Amino acid sequence: MNSVLFGKRLGTLAWVTAGLLLAAMLMVFFYAPEDADQGFRQKIFYVHVPMAIVTLCGFMVAGIFAIKHLRSGDRSWDVRSYVAIHLSIMLGVGVLLTGAIWAKTAWGHWWVWDEPVLVSYLIVFLLYCCYQPLRFSIADPERQSRYASVFAITAGAFVPLNFIAVRLAEQYTHPRVLSETGGDMPGDMRLTFFVCIAAMALLFTTLWKLELTNKHTAEQLRRLRRRLEAQA
Amino acid sequence: MIATARAILRKDLTIEVRRRESVPAMVLFTVTVFVLFHFGLDRDTVEGDIATGVIWVTLLLAALLGINRLYVAERDQGGFVGMRLAPIDLTALWLAKAVALFVYLVALEIVALPAFDLLLLGPGLDGALPELLPILLLANLGVAAVGALVAALAIETRARELIVALLLLPLLVPVILAAAQATEPLLTGGQSPDDLAQWLGFLALYDVVFVLVSVAVFDFLLDE
Amino acid sequence: MIALEAVERRFGERVALRDVSVHVEKGQTLVVFGPNGAGKTTLLRVLAGLLRPHSGAATVLNASLPRESWKLRGKVGYVAHEPLLYRDLTPRENLRFHARLHRVAEPRIDAVLHAVGMTDRADDELTELSRGMVQRVAAARAVLHDPALLLLDEPWAGLDPAAIEMLEPVIGSASGKTRVVVTHDVAGGLSEADVTLGLRDGAGVAVGDEVAVRELYG
């Protein structure tokens with residue numbers, strides 16, 4: 001694994017992320033107009049949807065890392081894949097929670113079935129919840145990495161298919177979110193939305209690199225310790 | 001590769017015909033679940049969306065029984081070792097298992113659908129049959145491909161059957177979604193669904209994607 | 001035929017084989033001694049191409065492991081602890097299956113069945129056969145494709161003298177094949193060995209005579 005690259009640009013990245021997050025927050029609260037129907041509560045959508053999009057991309061990118069792992073046999077790709085999935089799952093909880101909050105404040109129910117992003121997300125989330133139990137039920141580390149990669153590739157291919165299926169289904173031809181957002185979003189809303197996506201993507205990347213650096217350092221430490229013990 | 005797959009398939013079907021373990025269990029399970037639904041829903045007949053749900057969920061859960069057993073003999077009786085020592089393309093194993101599972105599912109449906117018609121279904125199946133067939137075939141293909149892959153993934157893990165169920169059911173949601181959407185109009189009194197083509201197309205896409213994924217990654221599951 | 005140089009194989013944190021080196025020429029018999037858990041079965045599986053060596057140099061039948069392990073397929077005959085046969089099939093069906101996998105012609109099945117003396121029981125289900133008979137079918141399976149290398153994990157364990165005598169020309173030194181045999185029979189093993197190797201906790205130990213072997217079990 002490239003030891004030097006991990007920590008180096010992390011500092012700069014963190015600053016840029018913080019800056020963009022701040023900009024995003026300012027825009028959400030002061031720039032974007034209030035929604036005509038839902039008022040202030042609609043603003044949670046600026047957290048919910050970007051987080052959903054970023055984590056879904058995280059799952060798919062993890063699948064690509066997994067492909068690289070299987071093709072090269074280099075375990076560092078598996079670590080990158082693992083961290084991406086792990087992070088996406090944790091943020092995924094946030095997606096479901098913000099989704100529930102939004103559903104409750106907007107329509108009075110904690111869960112609604114006619115929201116395609118949310119429904120499709122729940123299924124993906126349930127699938128990826130099996131990732132860690134799968135990993136930990138395999139003792140041999142090499143086999144664990146390989147099987148995890150197979151899972152990540154299969155599940156990564158599943159994400160878009162699942163989304164297509166849910167969108168095609170009859171009840172979802174009039175999704176509430178996308179009719180508000182897709183075609184009819186006013187310019188300032190749209191700009192805020194994209195800034196939020198960018199901020200969320202950078203946040204994900206920063207956290208991802210941070211966790212990778214953490215793991216890498218821990219591994220180096222473990223290796224040194226083992227070498228010392230062997231010499232003792 | 002095809003010849004190898006055929007040899008493995010013949011072996012599996014020989015054992016299944018001789019031991020009669022998977023298919024009868026799946027059939028028995030299905031009929032039992034129909035009875036459960038009768039009591040659970042407190043109804044003598046079902047139709048429309050409820051009928052669709054009952055038949056597809058039941059078939060899927062019955063498939064799980066067959067899927068759990070797919071690789072057990074290979075693991076416990078040295079099948080994997082024997083095949084890894086032979087000059088064969090190991091993807092043939094996946095292919096053989098997927099085809100075997102497809103055959104088991106067809107056998108299951110040949111009994112389960114008339115049973116469903118007899119026990120629970122309100123409107124008859126006869127009119128719906130020609131449209132139902134491609135839905136069943138494409139859905140079976142998807143279940144077979146993904147089932148053969150996930151079963152191999154789970155066979156070496158500790159909580160085998162649990163992992164299969166937890167992994168497989170979300171993966172099969174698009175199949176059940178498409179199949180149900182396509183079937184429902186057929187069970188509400190025989191109308192032909194407008195977007196049958198759309199759902200068949202989606203099922204075909206799902207099948208293609210997962211066949212490709214399975215063929216690409218299966219080898220890595222048997223390596224050591 | 002076999003050249004191992006400081007081969008290592010781990011399972012997670014546990015080292016199953018460490019610094020194992022041995023050379024075997026064509027036609028020779030290598031006998032591997034060692035207490036249970038020493039790594040003998042692991043060694044056999046590495047030689048079969050079933051397990052990848054993690055470090056060291058390993059060449060078996062001109063295939064450099066692990067890179068070229070695929071070259072070994074079809075060239076190794078393995079008699080393991082388990083018979084590697086399907087319980088629900090008859091001996092003939094089992095052999096037919098392996099014949100198809102290895103692209104071996106039908107007549108060879110009968111020849112091999114005859115060689116291990118199982119011709120008249122070939123169509124009984126495996127569950128009806130005694131352990132000795134099953135072992136004979138397992139040996140038949142191992143030599144069906146006329147492999148260049150035989151890997152035998154305690155092949156004579158639990159067999160009566162008649163069965164052993166029958167299998168000698170098939171998988172014994174009389175077969176003329178290059179063999180690696182794992183056994184606990186010290187005297188018997190030493191008598192058939194051209195090369196010996198001792199394993200203790202995964203480490204290779206040179207063992208020349210009976211005393212050295214017994215020390216392994218120390």
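# A friendly look at three chains

C:Leu61 is partly exposed because 18 other C-beta atoms lie within 10 Å of its own. Here a residue is buried if 20 or more other C-beta atoms lie within 10 Å of its own, exposed if 12 or fewer, and partly exposed in between, with C-beta atoms placed from the backbone.

This is a predicted model, in which local features need pLDDT of at least 70 and side-chain atom pairs count only at pLDDT 80 or more, while totals for chains, interfaces and linings use all residues. Residues are numbered from 1 along each chain as its sequence is written, and chains are lettered from A and ligands numbered from 1 in the order in which they are written.

C:Leu61 sits in the loop between strand E4 (55–60) and strand E5 of chain C. Helices (H or I, at least four residues) and strands (E, at least two) are DSSP runs, numbered from the N terminus. C:Asn62 has its place in the loop between E4 and E5 of chain C too. C:Asn62 counts as exposed, because 12 other C-beta atoms are found within 10 Å.

Most residues other than glycine have a negative phi, and most peptide bonds are trans.

| Residue | Phi |
|---|---|
| C:Gly49 | positive, about 85 degrees |
| C:Leu61 | positive, near 50 degrees |
| C:Asn62 | positive, about 65 degrees |

A cis peptide bond links C:Leu65 to C:Pro66, with omega at about 0 degrees. C:Pro66 belongs to the loop between strand E5 (63–65) and strand E6 (76–79) of chain C.

The buried ones are C:Lys40, C:Thr42, C:Leu43, C:Leu44, C:Arg45, C:Val46, C:Leu47 and C:Ala48.

## Chain C as a whole

Stepping back, chain C contains seven helices and 10 strands. Its radius of gyration is 17 Å, close to the 17 Å that the globule rule gives for 218 residues, so chain C is as compact as a globular protein of that length. The radius is taken over C-alpha atoms, and the rule is 2.2 Å times the number of residues to the power 0.38. Along the principal axes, the C-alpha atoms of chain C fill a box of roughly 45 × 35 × 30 Å.

Of the 218 residues in chain C, 46% are buried. Two residues are in contact if their C-beta atoms, placed from the backbone, lie within 7 Å. Among the contacts in chain C between residues at least 6 apart in sequence, 69% connect residues at least 24 apart.

Chain B has nine helices and zero strands, and its pattern along the sequence reads α-α-α-α-α-α-α-α-α. A compact globule of 224 residues would have a radius of gyration near 17 Å, and the 18 Å of chain B agrees with this. Taken along the principal axes, its C-alpha atoms fill a box of roughly 55 × 35 × 30 Å. Buried residues account for 52% of the 224 residues in chain B. Of its contacts between residues at least 6 apart in sequence, 85% join residues at least 24 apart.

How many residues of chain B are in contact with chain C? In chain B there are 19 of them, and they meet 22 residues of chain C. Helix H1 (2–19) and helix H5 (79–84) of chain B each provide at least two residues of this side. H1(B) gives the most, with seven residues. By class, the side of chain B that touches chain C has nine nonpolar, five polar and five charged residues. Ala, Val, Leu, Ile, Met, Phe, Trp, Tyr, Cys and Pro count as nonpolar, Asp, Glu, Lys and Arg as charged, and the others, Gly among them, as polar.

## Where chains A and B pack

Helix H7 (residues 141–168) of chain A packs with helix H9 (residues 196–222) of chain B at an angle of about 175 degrees, their axes 10 Å apart. The two helices are therefore roughly antiparallel to each other. Angles under 35 degrees count as roughly parallel, over 145 as roughly antiparallel, 65 to 115 as roughly perpendicular and the rest as oblique. Axes are lines fitted to C-alpha atoms, for helices over the stretch in contact, and angles run from 0 to 180 degrees between N-to-C directions.

Residues making the contact include A:Tyr147, A:Ile153 and A:Leu161 of H7(A), and B:Phe202, B:Val213 and B:Leu221 of H9(B). By class, this contact has 15 nonpolar, two polar and one charged residues.

A:Arg167 also lies in helix H7 of chain A. A:Arg167 is partly exposed, because it has 15 C-beta neighbours inside 10 Å.
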